[in-house]
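Open the model and keep the sequence beside it. The text below walks through it one region at a time.

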Amino acid sequence: MSNFRLGVDVGGTFTDLVAIGGGAVITAKVPSTPADQSQGVVDAIEASGLAADGIAALAHGMTVATNALLERDGAKVALITTEGFRDLVEIGRQNRPALYDLTQRPPEPLVSREHRFTVRERMGRDGEIKALDMASVDAAIEAIRAAGDIEAVAICLLFSFEYPEHEIAVAERVAAALPDLHISRSSAVLPEFREYERFATTSANAYLSPRLGRYLDSLAGHLASAGLPEPTVMQSSGGVIDIASAAANAAQCVLSGPAGGVVGAAWLGALSGVADILTFDMGGTSTDVAPIANGQASTTTDSVVAGVPIKLPMINVHTVSAGGGSIAWADAGGALRVGPASAGAEPGPAAYGLGGEDATVTDANVFMGHIADQTELGGRVVIARELAGQALERLGDTLSLDVEATARGIIDVANTEMANALRVISVARGVDPRDNALMAYGGAGPLHACALAEQLGMTKILVPRASGVLSALGLAVSDLRRDFTRPVLTRLDSAERDAIDALYDEMITEVRADLNSPEIERTADLRYRGQSFELGVVVDGWADDWDELAERFHTAHETRYGYAMREDPIELVNLRITARVIVDKPELTEDAPEAAPEPVTRAVLVDDEWRDIPVYDRARLGRGSRIDGPAIVEFAETTCVVRPGWHGAIDAVGTLILEAI
């Protein structure tokens, strides 16, 4: 009987699977296959032992789009834009990533200058200024044809967010002449003002869509041949879409994997009665952190990924290059550094025995006893403490440190970088981390959770039973989601309510043609006059005189920035709707253990001394089982280090809740 919902998340080191249905939760973890990520998905499904006829739905998160941006390995793209604006994507903004470094060059644009073409036309604030010259369009098409290896075209004309007629005409002409090319039209990808961000996002969509489309076609073929359902794909916004929409809108999927973890964290936090959370997802190559407030993951439209602005709704994830596979090294001054280079899945940390020789964070954890010698990972990797020690010794020799000091130093440096990342999403945004719980997940997250909580003054940690595969769990429980926007750009007190309602109704009609009986939330982007940034405010339930909406904005601004300017005029910039089709969520239960747990002991380096501490098998624990630190709890896909001064118990949904004594 088809009753299992699957979530499969492809990471840089491992591919994780979670299947939920009939009250059961099945997990699997296998090594990723970088050459063809779809093979890792198939391997994970095979490892789960589930029959094809027992799977009702499959949601997928991956790093294909992210990697293409990071590695600059996307499609060869042509840009068609308004005459005189050929170099806009290269000029960009004047903000610099390093303010005083005059030698640092900005990232290269995704479209090279020789592949940027212009057409004669002009739209303005009030409509058409100059008619579209079709001869110039035909000339651009012939130039694209002559380039020979163009795979996609981005069409970005001025004011097309409000008047898309010229863009539509150009797109139709290109599609007729070059039917094999992917076409991204800015008025469809991002119908908002600010030319640079709109052009950059549309170029990114064109750059990524051919590669993502090929990958998804390959994945769908593998799954179909195995009798499995067509997958849905996680978007950066925290909801899934159908595979065809994902292939055509790849820019919506650049944070596909991390978004699943935040969705799963919010859901599990609610089941445990915790609404305010800082998520901490430490994987093999990076660490992702995000805030959850009042049970909801916050989103942003101001993300920059690999130097490229992606102005689409994304869960507000902050990423640092500190993962289990991050390589430790000595800089020119003899200081210990960790990352950004990673050992990845191949060859992996030295302890994997697959040919890696560099010391990594994982090797430090293995040497310190946090991860047991001879532990099997993903069914194919067996941990070798001796190899980890050899790698640490080689690094220690360059630093004039012994093996123990090198291992402690690697952990301390990695913890400091991850703690700083958590401060970025909390302290830097006016949120006190002490008022939040820390939810640790990912293959390495629970290893470091207590140490990070201590640095931040946090007193509660949540470690879900499926913490090692939580991103996959989040995929399995994710709702279908679509986002729509319309530009307005007017003073709030002069906006006409009927016109605003008509724009919302237009978007709602469009989304109901795509989704069956969606739940719809209306929001608006507002700002004080003169500001260059906006805040999203929920519109549902507003009053006709605008006062309530204005007060919501004042309150949101004060919460975010610490002040409000209630006497200043407010501008209404964009209208948005978010539509969701809610999927059935499973009931999670945790049985009491059949017998009192009997831990084994293991020598672990705790602070500066080796101590024999209890090691618990999570599979033998259950509802009400208590843990007192120092201790280690070994989960199926991860390990939790409980430091001295922490204790806790497993709750009714299987989450280990630790509290500082």
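The buried residues of helix 15 pack against strand 27 (480–491), strand 28 (519–528) and strand 30 (570–581). Contact here means heavy atoms within 4.5 Å. Helices (H or I, at least four residues) and strands (E, at least two) are DSSP runs, numbered from the N terminus.

Some ground rules come next. This is a predicted model, so local features need pLDDT of at least 70 and side-chain atom pairs count only at pLDDT 80 or more, while totals for chains, interfaces and linings use all residues. Residues are numbered from 1 along each chain as its sequence is written, and side-chain values use heavy atoms, with hydrogens and water left out.

Stay with helix 15. Which of its residues are buried? They are I500, Y504, M507, I508 and V511. Buried means under 20% relative accessible area, exposed over 50%, and partly exposed in between (1.4 Å probe, protein chains only). An α-helix has 3.6 residues a turn, so residues three or four places apart point the same way. On the face turned away from the buried side, helix 15 carries the exposed residues D498 and T509.

The length of helix 15 can be checked too. Its 16 residues (497–512) should span 22 Å at 1.5 Å a residue, and the end C-alpha atoms are 22 Å apart, which agrees. The expected span is 1.5 Å times one less than the number of residues.

Helix 9 is mostly covered, with 14 of its 16 residues buried. G273 follows helix 9 and has a positive phi, near 80°.

The structure holds one cavity of 30 Å³ or more. The largest cavity contains about 40 Å³ of space. On a 1 Å grid over the protein atoms alone, a cavity is a set of points where a 1.4 Å probe fits but cannot get out; a pocket is an open set with protein on both sides within 12 Å along at least five of seven lines; lining residues have an atom within 4 Å of a point. Grid points are joined across faces, edges and corners, and a volume is the space filled by probe spheres set on the points.

What lines the largest cavity? The residues are R125, F161, E162, F193, P487, V488, L489, V573 and N574. Strand 27 gives the most to this lining, with three residues. Strand 27 and strand 30 each supply at least two.

L489 has a positive phi of about 55° although it is not a glycine. With a relative accessible area of 30%, L489 is partly exposed.

Strand 27 also turns up at the second largest pocket. About 850 Å³ of space lies in that pocket. Its lining has 37 residues, of which S187, A188, V189, P191 and F484 lie nearest the centre. Strand 27 gives the most, with seven residues. Strand 10 (182–185), helix 6 (186–189), helix 8 (243–248), strand 27 and helix 15 each supply at least two.

Move to L462, in strand 26 (residues 460–463). At 0% relative accessibility, L462 counts as buried. Leaving aside neighbours within four places in sequence, L462 is in contact with G269, S272, V274, A437, L438, M439, A440, T655, L656 and I657.

Some backbone details remain. The peptide bond from G339 to P340 is cis, with omega near 5°, and P340 lies in strand 22 (residues 336–342). Another cis peptide bond joins G629 and P630, with omega about 5°. P630 lies in the loop between strand 33 (626–628) and strand 34 (631–634). S400 is not a glycine, but has a positive phi of about 60°. S400 sits in the loop between helix 11 (385–399) and helix 12 (403–424), and at 68% relative accessibility S400 counts as exposed.

Strand 31 (residues 600–606) and strand 32 (residues 609–617) pair in the antiparallel sense over seven bridges. Two strands pair if DSSP finds at least two bridges between them. V606 stands opposite E609 in strand 32. Two residues lie between the strands, and D607 in the turn has a positive phi of about 55°.
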